[in-house]
Amino acid sequence: MPSPLSPLPALPVTPPQGLTAATAQRRGQEEGANTLAVSQRRPWRTLAWEVVREPMFLLLLGSGALYLLMGDAQEALILLGFVAIIMAVTVLQERRTDRALGELRALSSPRAQVMRDGVPQRIPGAAVVRGDLLLLSEGDRVPADGVLWQAHELSTDESLLTGESEPVTKHAPTDRVLAGTLVLSGQGLACVQAIGGRTQLGRIGLSLDDVTLQPSPLRDEMARLTRRLVGVAGAVCGLLVLLLWALRGDVLAAVLAGITLAMGLLPQELPVILIVFLALAARRLAQQQVLTRRLSAIETLGQTTVLCVDKTGTLTCNRMSVQVLVAGESEWAVPALGDTALPEAFHPLLACAVLASEVRPHDPMELALQRLATQHLAASDPLPPSWQLAREYELSPALMAMSHLWRDPSAPQDRVASKGAPEAVVALCHLPAAQAQRVQQQAAALADRGLRVLGVAQARHPKGPDWPAQQHDFDFEWLGLVGLADPLRPEVPAAVARCQRAGIRVVMITGDHPGTALAIAAQAGISAQAVITGDTLDTLSAPDLAQRLAHTQVFARVKPQQKLALVQALQAQGEVVAMTGDGVNDAPALKAAHIGMAMGLRGTDVAREAASLVLLNDDFHAIVAAIEQGRRTFANLRQAMVYTLAVHLPIIGLALWPAALGWPLVLTPLHIAFLELLIDPACSLVFEAEASAQDWMAQAPRRVKAPLLSTEAVRWSLWQGACVTAWVLGWYGGLTWLVPSSTTASTAAFGVLVMANAALILPCRSDQPGWRGSFRGLPRVSAWVLLGTLLALALVTQVPLLALAFGFVRLPMAQWGLMAASVLVLLGVLQLSKEGWLSSRAARKTVGANLAPADPPDPVPRRGGE
């Protein structure tokens, strides 16, 4: 009997080498990108029209019309000029957001594996050109229309095009594969014939873009807040118009004052802040090799309480190597240098393990087996070219073993090679109880050393036209065990420790042997006091599972469909679950999890499409970085909202109180437009770029229903705004009483208002105590915004033409110095108030903790915190 040995037989049809890189680049330039989606980048006209329809711009345009009715054409033209400037700034900001989302769409498009220069390469689906050779495998989304060169048990889901859910079996070379369809099973090679709009899917005109701002709790909360403020603004402005009309008798002036107040009240920054923060956070994550497919996932990252991770490739390096071979009672440790010959007793075991692997393997375990076989078997035991792979029996959840049937035309019998989980292969061999128990003991001993263990068996089968329908119908002979090692990633223990310090429970879910899972968990720092297997999961009732879940962090021999049950059970306990996955069967669990994280390197397109995030480098450290970025984004967004509410209060006060007290009005729509130019960059740029010295991973996860702004934060924001309002009104009232010229008083009040709003950024940067925290590590963009604010103030008050348009007069430098000193005093008052507020909040928490009943020690970090 010839010995089964590498090199393995070639496929029946020799595939072409594919295009050269130069040819692919030239065709890409000629034909354009292979995109089936309508571009989401909005044209300039669309953006401008969306901006014009905003309430703020309608108020500005209404103010300009009122100035024309009042006969003040110069004021109307200047105001309309500011409208154009604000529109341009807003459109540029929206364009920037569109550009960031466009980059994310390009990254999240289906990936394609092609042959370029004779070498398999993974490229974006948009880079596929006509003539490319596609390498298709289970879980891939077909990126273009093509004709099959080879097909091996290939079936696809074409329901996207036909509406029929039944799998479609594909045969080479007569069948075609179509863009947008999903490979359900098997492998294939296809030559691309049509791309983009020339494909059948492209002609239908469907759009596959799905990277959009999904509805989210934050967005809903922002919309509710905006609607409430708009209602309040309408009521207050209506009362002001009636009051001024009754007191002064000038209808147009009263309406103009009402519009001015409405502009100060409207929170037009809120939706802009949210979109900019999430889009820029997604771009920051992309720089850390984490692709955000759904922006709403960023806000959920900070709420994560349980992180479910796979072992292979996430915690480990996914670089398998054979460490041990066990045949009978003999064990052979593979030497590190490979300079020791393989003992004869282990030849059948290794050769059969290779024959039970894919012909052209991609799995790290099968690659490790082939490397060892090439070193120790190829020279002495060549496989005759006449051997052919006649039948494959796939690995399935019901039987964790796979078998290959090989046929030699000159031999009277076919050879069957099987490998898989030791207990599954033992079941195939129908071993006596004593021998089966001994094999299980050997497998457990290897697993306890952190090795991944495979059982190997062989069978002979009479040659004939038909084969058994299932693997159990063969008469298998037990050959032995193979122990493989996949080393832990060096950064994993520190990253796991950071998660646990942040109150995030790390749960390992793997298909490996329980002993292997426990050994790797111990190395990673995951609590490994107990393990639950997939078989045990099937026997647990819902209450029993809930009780066991609270104290179990390791799950082994878990089938893919059981991952969904685990995710749902954790969610039923109120946990916010993030989960990693890579296969087709992982997609339901990834979609069900609050945050699904697909592996970018080894993950299938189905897993990528079901996930919210894609880890482009399959790096566990990137998961921790993503959670930290989510927490930072939410904290910065909260501080931006505190500043937004606070900064609007003095504007409202300066628009309302002079009218109510009978003083000359200070603010006009032109002034409000100028202030909006200063406030928007502060909200969208300064706070988004804030990198606090605070360790976000040293806090507990944010509560699920915690509002963006707590009642205390709103009170603190209103208190800051009230302090600035009182300060500005004090300046204006004092100067109105001391100085005959109301223009001098309004100029000084406006100057103090602008400088105070700029200074207000500093105490709003964080909610941490300490004077140094307000000034330390000021981002460069913040410094530029502050300097730009002061420069703009100097221009509108010192340049005669601009000062005349704004109704200002030039003030002496001594007065400017006094105003600046006054603002510094105000800054000190705000900082002292902040320290007092933080101290009282800490005291209340301490009292609450002392009054609360003591809880028993819990090895699992609890959720909670603010």
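Which helix is V241 found in? V241 sits in helix 7, which spans residues 217-248. It makes a friendly starting point for a tour of this structure, which is a predicted model.

**A first stop at V241**

With a relative accessibility of 19%, V241 counts as buried, because the cut-off for that label is under 20%. Setting aside residues up to four places away in sequence, V241 touches A254, V255 and G258.

**The chain as a whole**

Now let us step back. The protein chain has 30 helices and 22 strands. It is made of 866 residues, of which 54% count as buried. Among the contacts in the chain with a separation of 6 or more, 74% are between residues 24 or more positions apart.

| Helix pair | Axis distance | Angle |
|---|---|---|
| Helix 16 (residues 492-501) and helix 23 (residues 620-661) | within 9 Å | roughly 30 degrees |
| Helix 26 (residues 742-759) and helix 28 (residues 780-798) | 10 Å | about 170 degrees |
| Helix 12 and helix 13 | within 9 Å | roughly 135 degrees |

Let us begin with helix 16 and helix 23, whose axes cross at roughly 30 degrees. That angle makes helix 16 roughly parallel to helix 23. The crossing of helix 16 past helix 23 is left-handed. On the helix 16 side, the residues that meet helix 23 are V492, A495, V496, R498 and C499, and their partners in helix 23 are F620, V624 and E628. Sorted by class, this contact has six nonpolar residues, two charged residues and no polar ones.

Which residues of helix 16 are buried? They are V492, A495, V496 and C499. Looking down the axis of helix 16, these buried residues fall within an arc of 100 degrees, so they line one face of the helix. Their cover includes helix 23, along with strand 9 (306-309), helix 11 (311-315), strand 17 (505-509) and helix 17 (514-524). Just after helix 16 comes G503, which takes a positive phi of about 80 degrees.

Next come helix 26 and helix 28, which pack at an angle of about 170 degrees. This makes helix 26 roughly antiparallel to helix 28. Helix 26 brings T747, F750, G751, V754, M755 and A758 to the contact, where they meet L786, T789, L790, L793 and T797 of helix 28. By class, the contact holds seven nonpolar and four polar residues, with no charged residues.

Helix 12 passes helix 13 in a left-handed crossing. H347, L350, A353 and V354 of helix 12 are in contact with L369, Q370, L372, A373 and H376 of helix 13. The residues of this contact divide into six nonpolar and three polar, and none is charged.

**A closer look at helix 12**

Why is helix 12 described as largely enclosed by the rest of the structure? Eight of its nine residues (the helix covers 347-355) are buried, so helix 12 is largely enclosed. The buried residues are H347, L349, L350, A351, C352, A353, V354 and L355. Among the elements covering them are helix 13 (364-376), strand 10 (321-327) and strand 13 (401-407), and also strand 14 (413-420), strand 15 (452-462) and strand 16 (477-485).

I520 lies in helix 17, and is buried with a relative accessible area of 2%. Not counting residues up to four places away in sequence, I520 touches K311, T316, G450, D486, L488 and M508. From I520 to D448 is 72 residues in sequence and 9.3 Å in space, C-alpha to C-alpha.

Is K559 in a helix, a strand or a loop, and where? K559 is in the loop between strand 19 (554-556) and helix 20 (560-572). At 16% relative accessibility, K559 counts as buried. Leaving aside neighbours within four places in sequence, K559 is in contact with P397, D535 and D538.

Terms used. Residues are numbered from 1 along each chain as its sequence is written. This is a predicted model: local features need pLDDT of at least 70, side-chain atom pairs count only at pLDDT 80 or more; totals for chains, interfaces and linings use all residues. Side-chain values use heavy atoms; hydrogens and water are left out. Axes are lines fitted to C-alpha atoms, for helices over the stretch in contact, and angles run from 0 to 180 degrees between N-to-C directions. Helices (H or I, at least four residues) and strands (E, at least two) are DSSP runs, numbered from the N terminus. Angles under 35 degrees count as roughly parallel, over 145 as roughly antiparallel, 65 to 115 as roughly perpendicular and the rest as oblique. A crossing is left-handed if the near helix is turned anticlockwise from the far one by less than a right angle, and right-handed if clockwise. Contact means heavy atoms within 4.5 Å. Ala, Val, Leu, Ile, Met, Phe, Trp, Tyr, Cys and Pro count as nonpolar, Asp, Glu, Lys and Arg as charged, and the others, Gly among them, as polar. Buried means under 20% relative accessible area, exposed over 50%, partly exposed in between (1.4 Å probe, protein chains only). The arc is that of the directions from the helix axis to the C-beta atoms.
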